[in-house]
Amino acid sequence: MDNTEMPNAGPYVPGCLFCEIAAGERPAHVVFSDEIAAAFLDARPVFKGHVLVVPHGHIETLTDLPVEVVGPFFERVQAVARAVEEGMEAAGSFVAMNNRVSQSVPHLHAHVVPRNRKDGLRGFFWPRMKYADDAEAAEIADRIRAALKKSTS
């Protein structure tokens, strides 16, 4: 892929982990992708089913996101939040975004984390866990993908 502008976002930046995942150049458990955004399982989830939603094209922070893309991007975040809750049979979800500070990859991303009462998440001390194996991650991605498909059809 070249450095041309992505629709309604920013340029593709070679070497950016999230640009490469969104472009399909790096492996990830993708649950959704269209011209605006891509969503995939976080490799180091707070809880299983933790999804990252990123805009296509390199946008570093929320304030860098073109105003005409804010609504469409957050429509995707909303759909993913609904799907994570349904697919993971969660009581709710936590949706968060960092701008520069604590942003481990300098590419805008919304965290969508499934939540249940007494799940152990307190404030911003996020315990991290691992999927048992790639098959478990694939099965969870399938559940969220199916819930997204169901909610958007």
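Is Arg76 buried or exposed, and what is its relative accessible area? Arg76 is buried, at 15% relative accessible area (buried means under 20%, exposed over 50%, partly exposed in between, with a 1.4 Å probe and protein chains only).

1. Basis. This is a predicted model, in which local features need pLDDT of at least 70 and side-chain atom pairs count only at pLDDT 80 or more, while totals for chains, interfaces and linings use all residues. Residues are numbered from 1 along each chain as its sequence is written, and side-chain values use heavy atoms, with hydrogens and water left out.

2. Salt bridges. The whole structure holds nine salt bridges (a side-chain nitrogen of Lys or Arg within 4 Å of a carboxyl oxygen of Asp or Glu).

3. Arg76 and Asp34. These side chains form a salt bridge, with N to O at 2.8 Å. Arg76 is in helix H2 (residues 67-87) and Asp34 in the loop between strands S1 (30-33) and S2 (37-41), so the pair ties together parts 42 residues apart in sequence. Helices (H or I, at least four residues) and strands (E, at least two) are DSSP runs, numbered from the N terminus. A network of salt bridges links Asp34, Glu35, Glu75 and Arg76.

4. Lys150 and Glu86. Their salt bridge has an N to O distance of 2.9 Å. Lys150 belongs to helix H3 and Glu86 to helix H2, so parts 64 residues apart in sequence are tied together. Lys150 is exposed, at 57% relative accessible area, whereas Glu86 is partly exposed, at 39%.
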